[in-house]
Amino acid sequence: MRESLRMAPMYVAMIGAPVLMFLAMLSYLFYPIAAKLALIPLITIGLLVFGIMGAREVYLGPKHRAAGADVWHLGIKTEYETVHQGEHNQVTLNVKRFNTATGKMEVHPYMITATRFTTVLEALIAIKEKKDNTLSMRYSCRMGICGSCGMVINGKPSLACEANIFKSLNGNEIEVAPMEGHPILKDLVDDFDDFFSKHQSIHPYLYRDNAKEQYSAKKEYKQSRDEINKFLPYSYCIMCGLCNDACPVVNTNPDFIGPQALSQVYRYNSDSRDQHGDTRINLVDTLEGLWSCEFAGACSKVCPKGVDPATAIQLLKNDAIKK
Ligand code: SF4
Ligand code: FES
């Protein structure tokens, strides 16, 4: 209610003033003399309303921001303004750590100070640097490119470097755990050997029948925009393993090749430069390959790069049936 009252003058400015102007234009067409008289006050009113709104925003905007209130600009609540406004906030990270000595998980709570820009990865690094240097996690780029910092944050497989502390908050606490869809080495660190060998097994590279042509090409392989669009979304995979962790089939059957490797079969098979599609289809046209997928769709939901393994797998099933 308070918010709509605050926005009422803005609605008047945005809807009322143009309507008045439009009426004035109509009257100008049909009653030129009356319109000339009417136009001046109407335009004045319109400009006044816009002027008052602008001045109000200039005056009140910084005050609202300083007070931590939600501020609306032309009816749009910006992301910047909806996160916590306090300079520093105390947050508890409940870190589920795999203890290699006991083979069991242990929850360690750590209290940290965060600003509105702090990511979960930065919080973990702060814990390691200032509170507990025995904590292990894997990371590299800190910007969602290398795919190293995958972990489970509040129950969802996520990249820690892309997870903002306050957006991940559950009350005043965050749960951070290792991905359990991969074997765990220590604390938050997973063993990706099996994941990478599955990726490698599908021949993830372009292949031409004529090796001479491929390795001593005389000219480039040209592609149309449509040909590029076919494989491009699938080439954004950063091999973070979140899709495999989210997949209920991977979690119950470790022999399943998994959504990441299958999405890459589709990536290379749909590339017009490649001539190795039949071999790849034969590799995954098995019970532990394509046909284990139950189309749960969790893989596509968690992918931080917008790759859609679930769709890729269904398209590959279609190709396997047709071959
Ligand atoms: S498909 Fe997405 S979630 Fe799966 S490994 Fe690639 S980037 Fe990560
Ligand atoms: S640290 Fe590279 S993706 Fe997170």
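Of the contacts in the protein chain with a separation of 6 or more, 63% join residues 24 or more positions apart; two residues are in contact if their C-beta atoms, placed from the backbone, lie within 7 Å. This is a predicted model, in which local features need pLDDT of at least 70, side-chain atom pairs count only at pLDDT 80 or more, and totals for chains, interfaces and linings use all residues. Residues are numbered from 1 along each chain as its sequence is written, while chains are lettered from A and ligands numbered from 1 in the order in which they are written.

Colour by secondary structure. The protein chain has 14 helices and nine strands; these are DSSP runs numbered from the N terminus, helices being H or I with at least four residues and strands E with at least two. Of its 323 residues, 27% count as buried. A residue is buried if 20 or more other C-beta atoms lie within 10 Å of its own, exposed if 12 or fewer, and partly exposed in between.

Select residues 259-269. This is helix H11, and 11 of its 11 residues are buried. Among them are Pro 259, Leu 262, Arg 267 and Asn 269.

Now select ligand 1. There are 13 residues around ligand 1, and those that come nearest are Cys 237, Cys 240, Cys 243, Cys 303 and Val 307; a residue is near a molecule if its C-beta atom, placed from the backbone, lies within 6 Å of it. H9 and H11 are the elements that give two or more residues to this shell. By class, the shell holds nine nonpolar residues, three polar and one charged. Here Ala, Val, Leu, Ile, Met, Phe, Trp, Tyr, Cys and Pro count as nonpolar, Asp, Glu, Lys and Arg as charged, and the others, Gly among them, as polar.

Go to residues 89-99 and 104-114. These are strands E3 and E4, which pair in the antiparallel sense over 11 bridges; pairing requires at least two DSSP bridges between two strands. Phe 98 has Met 105 of E4 as its bridge partner. Four residues lie between the strands of this hairpin, where Gly 103 takes a positive phi near 75°.

Finish at Tyr 139, in the loop between helix H4 (120-131) and strand E5 (150-153). Tyr 139 counts as partly exposed because it has 18 C-beta neighbours inside 10 Å. Leaving out residues up to four places away in sequence, Tyr 139 touches Leu 121, Ser 148, Cys 149, Ala 160 and Cys 161.
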